[in-house]
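Try each task before you read its solution.

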Amino acid sequence: QVQLVESGGGLVQAGGSLRLSCVLSGSKLGIDAMGWYRQAPGKQRELVATMATSGSTNYADSVKGRFTISRDNAKNTMYLQMNSLKPEDTAVYYCNAHQRILIKENDYWGQGTLVTVSS
């Protein structure tokens, strides 16, 4: 089993920065990618950024150049550095781990951390 715990959300003014953290515990067997997703009120959950085990990254167009995904394998922790925050970045941010073992796939999610950006 995989457990994910996010932290680092909060209230910040537009133009400010926050860093989210996601700690993975449990078995990392088959984990081939991790990422950040967000869900704003009344909207569907959307991809923010992902990182494969190879280190390749993918970002939503809306956050390119402002957000950076990274990881510390020794600490089993993934980060999302968010700079130049905008009110439209306000959302609950979720950590995700994608697992693939043979033909079986699983997605694991954290409980979410709220980011509020005031104008």
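Strands here are DSSP runs of E with at least two residues, numbered from the N terminus. The model is predicted: local features need pLDDT of at least 70, side-chain atom pairs count only at pLDDT 80 or more, and totals for chains, interfaces and linings use all residues. Residues are numbered from 1 along each chain as its sequence is written, and side-chain values use heavy atoms, with hydrogens and water left out.

**Exercise 1.** Find which strands each supply at least two residues of the lining of the largest pocket.

*Solution.* The strands to list are β4 (31-39), β5 (46-52), β7 (67-72) and β8 (77-82). Next, look at β4, which gives the largest share of the lining, four residues. Finally, sort the lining by type: seven residues are nonpolar, four polar and four charged, where Ala, Val, Leu, Ile, Met, Phe, Trp, Tyr, Cys and Pro count as nonpolar, Asp, Glu, Lys and Arg as charged, and the others, Gly among them, as polar.

**Exercise 2.** Work out which strands pair with β11, and in which sense.

*Solution.* Two strands pair if DSSP finds at least two bridges between them. Take β2 (residues 10-13): β2 runs parallel to β11, with four bridges, and Q13 sits opposite S118. Then turn to β9 (residues 91-101), which pairs with β11 in the antiparallel sense over three bridges; here A91 has V115 as its bridge partner.

**Exercise 3.** Is Q99 buried or exposed, and what does its side chain meet?

*Solution.* First, locate Q99 in strand β9. With a relative accessible area of 8%, Q99 is buried; buried means under 20%, exposed over 50% and partly exposed in between (1.4 Å probe, protein chains only). Now check polar contacts, which are pairs of N or O atoms within 3.5 Å; within protein, one must be able to donate a hydrogen and the other to accept it, and residues adjacent in sequence count only if both atoms are side-chain atoms. The side chain of Q99 makes one with the side chain of Y108 at 3.2 Å. A polar atom of the Q99 side chain also lies 2.9 Å from the backbone oxygen of L29.
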